[in-house]
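Work through the exercises below with the sequence and the model open. Try each task before reading its solution.

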Amino acid sequence: MAYHLYRDEGGDCNNLFWTKEWLTVKTNTIVVTTRHFQKTGRDPITEWEKKTFTVSRNGEVKLTEQLYKKYGGKEWTTEER
């Protein structure tokens, strides 16, 4: 599992992309919330992404939920539309 607080994704000459992440640990779950930014807003990318990982008793980490929210969206969905 990789974790980046901030990552510059680069982009092309018309649009730049970068992400910022927050990590929350509670009992046996790890939640990574990512906000995707872009310079111009022209590309239809997901603004928010939330991944929930569950850690088993033997230390195995498993992705148990992945949710998305589009720019201007109000609800989390299971599909990146």
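This is a predicted model: local features need pLDDT of at least 70, side-chain atom pairs count only at pLDDT 80 or more; totals for chains, interfaces and linings use all residues.

**Exercise 1: The turn between β2 and β3**

Task: Which residue in the turn of the β2–β3 hairpin has a positive phi? Is that residue buried or exposed?

Solution. 
- Step 1. Locate the turn. β2 and β3 form a hairpin with two residues between them.
- Step 2. Check the backbone angle. Thr27 has a phi near 45°, a positive value in a residue other than glycine.
- Step 3. Thr27 lies in the loop between β2 and β3.
- Step 4. Classify it. The cut-off for exposed is over 50% relative accessible area. Thr27 has 78% relative accessibility, so Thr27 counts as exposed.

**Exercise 2: Salt bridges**

Task: How many salt bridges are there? Which side chains form them, and what is the burial class of each partner?

Solution. 
- Step 1. Apply the cut-off: a side-chain nitrogen of Lys or Arg within 4 Å of a carboxyl oxygen of Asp or Glu. The count comes to two salt bridges.
- Step 2. Take the pair of Arg35 and Glu47. Their side chains meet at 2.7 Å, N to O. This pair links distant parts of the chain: Arg35 is in strand β3 and Glu47 in strand β4, twelve residues apart.
- Step 3. Classify both partners. Arg35 has a relative accessible area of 26%, so Arg35 is partly exposed. Glu47 has 10% relative accessibility and therefore counts as buried.
- Step 4. Take the pair of Lys51 and Glu49. Their side chains meet at 3.8 Å, N to O.
- Step 5. Classify these two. Lys51 is partly exposed because its relative accessible area is 30%. Glu49 counts as buried because its relative accessibility is 12%.

**Exercise 3: The surroundings of Thr46**

Task: Is Thr46 buried or exposed? Which side chain does its own side chain join in a polar contact?

Solution. 
- Step 1. Compare with the cut-off. Buried means under 20% relative accessible area. Thr46 has 4% relative accessibility, so Thr46 counts as buried.
- Step 2. List the contacts, leaving aside neighbours within four places in sequence. Thr46 is in contact with His36, Tyr68, Lys69, Lys70, Tyr71 and Glu80.
- Step 3. Pick out the polar contact. The side chains of Thr46 and Glu80 are joined at 3.0 Å.

**Exercise 4: Rings and tryptophans**

Task: Which charged end sits over the ring of Trp76? Where is Trp18 placed, and in which strand?

Solution. 
- Step 1. Search for aromatic pairs. The whole structure holds one.
- Step 2. Look at Trp76. The charged end of Lys50 sits over its ring, 4.5 Å from the centre.
- Step 3. Turn to Trp18. This residue is in strand β2, residues 16–26.
- Step 4. Classify Trp18. Its relative accessible area is 27%, so Trp18 is partly exposed.
- Step 5. Trp18 and Lys39 are 21 residues apart along the chain, and their C-alpha atoms are separated by 8.7 Å.

Conventions:
Residues are numbered from 1 along each chain as its sequence is written. Side-chain values use heavy atoms; hydrogens and water are left out. Buried means under 20% relative accessible area, exposed over 50%, partly exposed in between (1.4 Å probe, protein chains only). A polar contact is a pair of N or O atoms within 3.5 Å; within protein, one must be able to donate a hydrogen and the other to accept it, and residues adjacent in sequence count only if both atoms are side-chain atoms. Contact means heavy atoms within 4.5 Å. Rings of Phe, Tyr and Trp (its six-membered ring) pair if their centres lie within 6.5 Å; planes under 30 degrees apart count as stacked, over 60 as edge-to-face and the rest as tilted. A charge sits over a ring if NZ of Lys or CZ of Arg is within 6 Å of the ring centre and within 35 degrees of the ring normal. Helices (H or I, at least four residues) and strands (E, at least two) are DSSP runs, numbered from the N terminus. Two strands pair if DSSP finds at least two bridges between them.
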